[in-house]
Structures are given as C-alpha cells and as structure tokens.
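This report describes a predicted model.

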Amino acid sequence: MNAQAVVILPIALPLATMVMLLLSLKSIPAQKLIGVVGSALLLLSTATLAWLVDRDGILVLQAGNWPAPFGITLVADRLSSIMVLLAGLMVFAVSVYSLASVDNSRVRFGFHPLIQLLLMGVCGAFLTGDLFNLYVWFEVMLIASFVLLTLGGERGQLEGAIKYVTLNLISSAVFLAAIGVIYAATGTLNMADLALKLRSFPNEGTVSVLSMLFLIAFGTKAAVFPLFFWLPASYHTPPVAVSAIFAGLLTKVGVYSLIRAFTLLFVTDLEFTHNLLLLIAGLTMVTGVLGAMAQNEVRRILSFHIVSQIGYMVMGLALFTPLALAGTVFYIIHHIVVKTNLFLIGGVVEQRFRTGRLERIGGLYRSAPVLATVFFLSAMSLAGVPPLSGFFAKLTLIRGGLEAERYAIVVAALVVSLLTLFSMTKIWSEAFWKPPPGDAVTDVSSRNRSRTGRACLYGPTILLASITVGIGVMAGPVMNASMATAEQLLDQNAYINAVLPDGPTGQVPAVSRERRSP
Amino acid sequence: MDILLAITVGGLYAAGIYMMLRRNVVKLLIGLGLLSHAANLLLFTAGGLVRGRVPVVPDGGTWPLVIVADPLPQALILTAIVISFAVLAFALVLIYRTYQTLGTEDLDELKATDT
Amino acid sequence: MDSVILKTAIRFLLPLLLLASVFLFLRGHNEPGGGFVGGLLASGAIALYAMTHGAAAARQVVRLPPRFLIGAGLLFALVSGVAPLFFGRPFLTGLWTKITTEGLGELHIGTPLLFDLGVYCVVTGVTLVFVFSLLEE
C-alpha cells in the first residue's frame, strides 16, 4: 500500500470497527474485544501516519481521484498527524477503561460503536482539507456525542444534553452560513485554494465578517469565552469514560479548527483578528479558573478547568509567533493526555464513593496509594509544576508572550496557573488527605472487583500519567516537534503547494462565477 | 429574486431566534429547525441564482456553453438537510424523553446541572 | 392509532411502498431518486405499519434489528470506498463494469451503486431506530 493510503486509515479503521461492532451487538464480550482491538489498531495506524509525515512531509490524498480544489482533499501535515495520534492514544486508553466502568446495558445499546463513530468524526475533522467536509465531520462527531451524552437517560444527562445539543446546533448553523458566504465570496471551499484567494481578496470588510463568523462557529465548539456555557453544564453528567473522551478530544477539535482558520485562512488582518483572539484567550483563562474555584465536585471542577486551559491554547495562536505557536502545540499535547487522565481518575473516585462531592469523600491517600500517585502527578502537571509536561508547555507560552511583549496576557497566564494549583490542591487535600467523613458510602462492589477489572481501571491512568512524566523528562524532542509544527503552520505556502501542486487554479473557467448577467 | 430570498432568509433567522428565546422546549426545537432552514437557504442564495439552466455539458464539449446553475451549493444543501434531519429527529426524541423524565417543558426549570 | 381504514389499507400499501422505494433507489442512478429518498420511503412505510399494528409487529416485518441494518449499510459503504485501493486507485474512486443480461440488456454496475445501497440501509436503519424508540414507551 502506498503512503497516501495511510492518510485514510484513521477514518476508515474506526468505520470498519464500527461496522463489526454493529453486526455483533448481541454479544457483550465481542463488543468489548472488538472495541479494544479496533482502538489499538487505530493507535497503531495513527502512529504510522505521524511517523510518515515526520519523514516525508505533508501527505495529501484526493478522495475519489478528483483533483483539488474540486474534490475533497485529505491533508496530513504535522499538526493533523499529532492530533490524530493523540486521538488514537486517548481512545485506546478510554476503551480499556470502559471495560470495567461502563455497565452492560450501555454496552448493549451501542457504547462501543458510538465511540468509534465519534473517533471517525474527530479524525476526519483533523485530516480534512475542505471546509464543507469539516462541517460534515463536525456533525458526525456531534451526533455521536449527543447519543453518548444521553446514553442511559438519567435526569442530569437529559438536562445537560438539551443545553449541549442546542448550543452545538446553533454553532453548526453559524458554521453553515459562514460556508455559504465564503463560497459566495471566493467560489471555493478547498482550504488551500481559499488561502490563496483570500490573500488577494479586494474587500477587507468581507474577510473580517467571514473571520468573525468562523470565530463564533469554532469558538463555540472550542468553548472559549463567552461561548463556553454548555460545557460545564453537561460534561459532568455522562458516564466517566464518555466525559473523559469528551474532555480530551471534543473541544480540541474546535481549537484545531481555530488554529487552521487563523494560521491558514485569515492572516491578512492580524491587527484585528489576532488581537481579538488574545483578548478572548485572557478572558477564557480567567473566567474558567474562577468558575472552577467556586465548584465543589470533582468532575465539575475539572470541566471548568477545560475552559480555562482552552485560553492558553488560544493565547499561543493569538500571539502568532513561532515560539508561541509551538507553545500552543505543546500545550495541546500535554492537555489532552493530562485532562483525560484526570477525568479517568475522578471516575475511579466517584465509583468508590458513589459521588464526586468533595465534602463526602476522603482518605484516598491511605486507602488507594496508586491512585493518589497518578492523581498527584497529573494534577501537578496541569498546574504547571516542574518537571512535568505542563511546566514546559506553560513556559514556552510565557516565553512566547514575553518575546512578543504582551505582558498583560503573561501576567494573566501566571495568575491563572497559580489559581489552577490552588484548585488542584483543593481536590488533593479534600479527596486524598482528609480522613473519610463519617457518612461516606464506600461502594463495596468496587473493593471486591476482580483483578482484571482493577487492571482495566488503573492501567490506562498509569499509562497516561507515565506519558505526562515522559513528556516532562523528554521535553527536548517534544519541543522540537512542536517547533517544527509551528514553523510548518506559519509557512502557508508549503500547505498550499502540497494540496495544489499545479499552482492556483484561477484560470479555469469556473462554472459558477459571473453568472449574474441575465 | 435575490432580494426576495434575502428577505426570506432574514425572516427565518428572526423567527428562529425568537422561537429559541421562548421558555418552552418544543418551541426551542422549532426555533432550531427554522435556524437550520435559514442557513440552508442562505447557502442556496449565496451560491447564486440561475433559472432553468441545467449544469450539463453538451456532447463532445468540456465546458457548458452558457452560464448554468451552480450544482455545488445544491449538493451542499442536500448534505446539510440530511444532517439536520438526523439531528432534529434526535432532538425530538431527546425532548420527549426529557419531558417524560423531568415532567416539565419549561426551560427555566432545567437548571439542576447548572452551577 | 386505531383507524380500521388505515390498518387495512397499510397491509396492501406496505409491499407497494417498499417496491416504490426500490424503484426510487434504482432510478437514482441517472435521475432524481437514490438511496436516501428510497430509504426514507421504505422507513416511512414501515413507520406507518408500526403506528397501526404496533412496533413489535413492525419489527417482525423488518426481521433484521435496525442497528444491524445500520451496520450492514456502513459495511457496504466502507467496501465501496476501500475496493479501489486494491486496484491502485485512491479511496472512494468509482469502479464500473458492464454486464449483459438476458431481458434487461446491458447493465452498468459499480461501486457507487454499492455505496448507494449502503445509504439506503443506513437511512432505513436510523429512521427506524428513532421511530421504534418513540413508539416503544
């Protein structure tokens, strides 16, 4: 098989796994086995893709053999390949974890096929080079997430789902309208072709309006200030395995789209767009962390921290220097691993006490030392304590901020980092250090869990925690990869030339242009 | 024709947003439906309007000889309609289940998961 | 729904509607129609049957569980996408062949037809999942 066929694997493999899962819905062991094996294969294929992209540069696949910009193009550059690799890693960890944490009725309803559908949407969104195709992958991902969110139909889930569904549908409608306007303005939807056409677009006002429409559409998915309210209202309701994969991947698809749009398409009016992004980044950080401080339940606190950390990622994008963008990439790598892990650990805690409320849990340092260790590592990494991964991610971003002489955002980032540490120590001292309160319910069934069941719960958390430590210890190689990614992002011509090897296609008498004459 | 469609799109957006601001979940859903229709129609109008000229290339040629309707926005809308069909069907089941479980259709009472 | 007229009529209408859905599906090759519309018509017919005779009876008519239909449809789509890779073409490239049959003349058969069959199955399956889950309360 040639190298280009590997680009399709992160989309085709989840589809194939899903097909097999749907055809064997009746057998629960088969569901679990196929789900885990399929996720492992996906991880393998995404690792291959990342390796190939690192070796050969940008890989492009024209689906259906239609040449760009007419057909749908799949593009795997460094950023895309890193994102799909992380997606593969997370789905593998969550699939293993779900073996012991998702109940059989949910498995029978189709938990595993839905996870694969979600992954297909996520990987498709990371790999596509076409705006409308991006919309379609968004919707694939959203429909899967809707069903996963409501799976089981408990009160809180349904309530959270209404908010989640509504806000995501609005953002999809805005996205669709933006696609319509951008097609009317330029006559193309291929991102590389768009980048070329927007560069020399005569009317600056139109480009500004377009950039704002995309900012709202992607910003809602990424949960930036002031569009994040759906996230803390819904992320703590579904089963833990579901919230973990949501926390790790879904908002990051929004962030990825923001990065794509504001490094490739809308780079002509940096003064306006990127300054606005910087303001949004600062406000997102601060509101997120303040929201987290007011909370008293493990998963709610973590949900607000997702919001606050989206701010850091947008900050690097807004500064728009190679160093700051490298910080963003590093931060995304670090964040996906750590955040997923914290949700998984929070799930184990909730399973033990049947609640995540801090006042009703405690004593885990004594009763579950392994859990305490992995939580401590992840939480400290989230707060940015050296030598864990979060420290280097934040350091790079702050260096980027200082270099660009944007001191206000640097101060905000440092303060938010301190507050994050505060809120992590709150969970630590309440859940782990303080003796368990007298009325704490301890779930006996989780104590008597079989050895394999425990391995399924702890294995993924230990794996992810060691990756966090690993990123910290080997910060050099990760930093180099982030730097290379950032430089590739800033070199728009490389992307354009990879997709359109024959140069711009403006000379072709496009069917759709100049048709207003009667 | 463009102006008429533009007014319709604007009207649909206004109606959709008005419905979404009501407190009833069913009205919220109707509002979402109107909003997606408005976006589809916007996409259609933005693609340009040509009446009665099918985008078919004559035998032996490589380009259509006259200015024809652009098929791409129509394909996009078709896809978007299919997607919004699935999503709205899901949302319908969702609000029905919510009504059954929570016994209310007032959005203001759905705040247990808020903070 | 308790309408004797509809209940009796749907017994005769169901096969006709299903036949019409196959017709629409095949017509989609060159003219308006196709897997999506065909699937919608088929699921509409079954939904009517389910509304009059109950969801359990409708499940008997379909025989296959709806989620199995979704899986089968996705399998068809996947095969039609992956098949070109084995002929050295990119993903989703259409492959066509002609077969001559007695009576029907020359037929064009290709992977897009298989893809459309997949769409037909997925649309029917998804709609039936919604319909059944609303009816089986």
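## Helix 9 of chain A

Helix 9 of chain A covers residues 204–222, and its 19 residues reach 26 Å from the first C-alpha to the last. That span is close to the 27 Å expected at 1.5 Å a residue. Just after helix 9 of chain A comes A223(A), which takes a positive phi of about 60°.

The buried residues of this helix are V207(A), L210(A), S211(A), F214(A), L215(A), A217(A), F218(A), G219(A), T220(A), K221(A) and A222(A). They pack against five helices of chain A: helix 7 (155–186), helix 8 (191–199), helix 11 (240–265), helix 12 (270–293) and helix 13 (298–319).

## L278(A) in helix 12

L278(A) has its place in helix 12 of chain A. It counts as buried because 22 C-beta neighbours lie inside 10 Å, where the cut-off for a buried residue is 20 or more.

Leaving aside residues up to four places away in sequence, L278(A) touches M315(A), A318(A), L319(A), R406(A) and I409(A). One of these, A318(A), is 40 residues from L278(A) along the chain, yet the two C-alpha atoms are separated by 5.0 Å.

## The largest nonpolar core

In soluble globular proteins, nonpolar side chains tend to be buried together. The largest nonpolar core in this model has 266 residues, and the members that touch the most others are A87(A), I179(A), I245(A) and V314(A). Helix 14 of chain A, residues 322–353, gives the most to this core, with 18 residues.

The contacts of A87(A), again without residues up to four places away in sequence, are T46(A), L119(A), V122(A), C123(A), F126(A) and L249(A).

## Chain A against chain B

Between chain A and chain B, 38 residues of chain A are in contact with 38 residues of chain B. Helix 6 (131–150), helix 7 and helix 10 (230–234) of chain A each supply at least two residues of the chain A side. Helix 7 of chain A gives the most, with 19 residues. By class, the chain A side divides into 21 nonpolar, 11 polar and 6 charged residues.

## Chain C: overall layout

Chain C has 5 helices and 2 strands, and from the N terminus on its elements run α-α-α-α-β-β-α. The C-alpha trace of chain C spans about 55 × 35 × 25 Å along its principal axes.

Of the 137 residues in chain C, 36% are buried. Among contacts in chain C between residues at least 6 apart in sequence, 63% join residues at least 24 apart.

## The hairpin of chain C

Strand 1 and strand 2 of chain C form a hairpin with 3 residues between them. In the turn, G103(C) has a positive phi of about 90°. The strands run antiparallel and are joined by 6 bridges; T101(C) has G105(C), in strand 2, as its bridge partner.

Is strand 1 of chain C largely in the open or buried? Of its 6 residues, 96–101, the number buried is 0, so strand 1 of chain C lies largely in the open.

## Chain C against chain B

Here 5 residues of chain C are in contact with 5 residues of chain B. Helix 5 of chain C, residues 111–135, gives the most to the chain C side, with 4 residues. By class, that side has 4 nonpolar residues, 1 polar residue and no charged residues.

Methods: Residues numbered from 1 in each chain as written. Chains lettered and ligands numbered in written order. Predicted model: local features only at pLDDT ≥ 70, side-chain atom pairs only at ≥ 80, totals over all residues. Contact = placed C-beta atoms within 7 Å. Nonpolar A, V, L, I, M, F, W, Y, C, P; charged D, E, K, R; others polar. Expected span 1.5 Å × (residues − 1). Buried ≥ 20, exposed ≤ 12 C-beta atoms within 10 Å, placed from the backbone. Core = buried A, V, L, I, M, F, W, Y, C linked by C-beta atoms within 7 Å. Pairing = 2+ DSSP bridges.
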